[in-house]
Amino acid sequence: MTNTFRISLIPAAVFMSVSALSALPQGYPADYQKVVDAATKEGKVVVYSTTDTKAAGPLIQGFEATYPGIKVEYNDMNSTELYNRYISEQAAGGGSGDVIWSSSMDTAMKLATDYAMEYVSAEQNQLPKWAVWHNKAYGTTYEPVVFIYNKRLIPANEVPDSHAALAKLIAGQVDKFKSKVTTYDIEKSGVGFMLSVLDYKADPNYFKTLADVAKGGLAVQSSTGTMMERVSSGENLIGYNILGSYAEARAKNDPSLGISYPKDYTLVLSRVSFISQQAEHGNAAKLWLDYVLSEKGQNILANQADIPSIRNDIEGKNDIDGMTKMLGSALKPIPVDESLLEYLQPKKRLDYIKQWREAAAK
């Protein structure tokens with residue numbers, strides 16, 4: 001009887017050991033299980049993000065299925081709200097986000113320089129070098145910035161395929177485009193301000209281009225969703241500096257919405273993520289960051305959330321390889337580094353906004 005009992009226990013023990021090991025992604029360090037165990041005791045991770053809850057939903061479900069003992073408390077807000085809320089909470093010393101995940105790369109980098117925990121992600125070797133800053137801040141996506149237009153009201157032969165073509169189209173038909181061109185309000189949207197500055201750096205004639213684009217008057221907004229809605233309805237005819245990931249997701253079910261990828265240069269945004277030094281659920285935050293960067297998490301982003309992957313080993317075309325095949329040298333990835341902080345200096349920011357306003361008012 002005793003021998004039988006021992007024989008039956010051995011397979012069970014082996015099964016439990018194999019099961020525990022198989023739960024860890026391949027190639028992860030052997031002691032990663034300690035992080036998993038500690039995270040399970042913490043029980044949740046608090047994420048502050050600019051990514052729409054609807055888009056992040058499949059990723060959250062995948063994470064909670066992989067780590068059933070850990071719940072994701074997901075807070076979706078615009079980039080300016082996220083920045084201000086996080087700063088004030090850090091100053092007050094109370095509860096705050098364990099993980100920041102923002103499309104406003106410059107303000108996210110500003111937060112990272114002051115508040116990010118150093119953490120070498122187990123997925124770091126799968127990322128481009130420009131996407132990792134000091135083992136603290138990580139680029140997580142690869143999102144071209146595009147033009148959108150109303151397919152019913154803009155003829156196919158007029159669709160602009162460069163920033164110069166966009167300016168020429170609008171300046172040549174001022175009456176048609178009067179108050180019909182939309183883009184971000186650079187004073188209310190962190191990502192809008194950043195993209196405008198990067199356009200300025202990429203285009204030697206930026207303010208002339210802006211003046212031509214704005215000849216009929218700009219309809220500025222603080223969210224991509226509002227801009228897409230207005231272009232789709234015909235209230236606006238064309239929009240620029242739109243996140244391609246959101247546009248592609250909407251266009252699948254919206255026959256009125258067209259997308260054009262500029263061929264002179266296409267800025268590529270990467271949502272920046274970091275773990276807070278003061279994270280209450282620091283181990284769960286590590287699991288979340290690694291999951292977002294993992295092949296599994298990136299597959300979900302690329303193929304369920306329509307957000308292009310920063311990896312090159314993802315199924316389908318919605319990753320770096322797929323984008324490179326489509327756009328080649330036109331792609332200009334925005335590096336995750338200190339260069340993003342230049343125009344956040346108060347005087348430089350105010351001077352730039354003033355210059356932008358003057359050009360946009362023409």
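User: How much space lies in the largest pocket of this predicted model?

Analyst: A pocket is an open space with protein around it. In this predicted model, the largest pocket holds about 620 Å³ of space.

User: How many residues line the largest pocket, and which of them lie nearest its centre?

Analyst: The lining of the largest pocket consists of 28 residues. Nearest the centre lie Asp 52, Ala 55, Gly 225, Met 228 and Tyr 246. At least two lining residues come from each of helix 3 (53–66), helix 9 (224–233) and helix 10 (244–251). By residue class, the lining of the largest pocket has ten nonpolar, eleven polar and seven charged members.

User: Which residues lie nearest the centre of the second largest pocket?

Analyst: They are Glu 248, Tyr 261, Lys 317, Asn 318 and Met 323, out of 14 residues that line the second largest pocket. Its space amounts to about 280 Å³. Helix 10 supplies at least two residues here, as do helix 12 (295–303) and helix 13 (320–327). The lining of the second largest pocket divides into five nonpolar, five polar and four charged residues.

User: What does a search for cavities find in the whole structure?

Analyst: In contrast to a pocket, a cavity is a space in which the probe fits but from which it cannot get out. The search of the whole structure finds two cavities of 30 Å³ or more.

User: Which elements give two or more residues to the lining of the largest cavity?

Analyst: They are helix 6 (163–172) and helix 8 (206–213). Helix 8 provides the largest share, four residues. The lining includes His 163, Asp 199, Asp 203 and Tyr 265. Six residues of the lining of the largest cavity are nonpolar, two are polar and two are charged.

User: How do the residues of the lining of the second largest cavity divide by class?

Analyst: Five are nonpolar, four are polar and none is charged. Among the residues that line the second largest cavity are Thr 183, Ser 196, Asn 241 and Trp 356. Strand 7 (181–184), helix 7 (190–202) and strand 9 each supply at least two residues of this lining. Tyr 206 and Tyr 240 belong to the lining of the largest cavity, and Tyr 206 and Tyr 240 also line the second largest cavity.

User: How many bridges join strand 6 to strand 11, strand 9 and strand 10?

Analyst: Bridges show which strands pair and in which sense. Strand 6 runs antiparallel to strand 11 (residues 266–269), with two bridges between them; Glu 143 has Leu 269 as its bridge partner there. With strand 9 (residues 238–243), strand 6 pairs in the antiparallel sense over four bridges, and Tyr 149 stands opposite Ile 238. Four bridges also join strand 6 to strand 10 (residues 257–260), again antiparallel, and Phe 147 stands opposite Ser 260.

User: What is the strand order in the open sheet of six strands?

Analyst: The order is 2-1-3-12-5-4, with mixed pairing. An edge strand pairs on one side only, and here the edge strands are strand 2 (71–76) and strand 4 (132–133). Strand 4 pairs with strand 5 (residues 137–139) in the antiparallel sense over two bridges, and Trp 133 has Ala 137 as its bridge partner.

User: How many helices and strands does the protein chain contain, and how compact is the chain?

Analyst: The protein chain contains 14 helices and 13 strands. Its radius of gyration is 23 Å, close to the 21 Å that the globule rule gives for 362 residues, so the chain is as compact as a globular protein of that length. Its C-alpha atoms fill a box of roughly 95 × 45 × 30 Å along the principal axes. Buried residues account for 54% of the 362 residues.

Methods:
Residues numbered from 1 in each chain as written. Predicted model: local features only at pLDDT ≥ 70, side-chain atom pairs only at ≥ 80, totals over all residues. Heavy atoms only, no water. 1 Å grid on protein atoms, 1.4 Å probe; cavity = no way out; pocket = protein on both sides within 12 Å on 5 of 7 lines; lining within 4 Å. Points joined across faces, edges and corners; volume = space filled by probe spheres on them. Nonpolar A, V, L, I, M, F, W, Y, C, P; charged D, E, K, R; others polar. Pairing = 2+ DSSP bridges. Rg over C-alpha atoms; globule rule 2.2 N^0.38 Å. Buried < 20%, exposed > 50% of the residue type's maximum accessible area, 1.4 Å probe, protein only.
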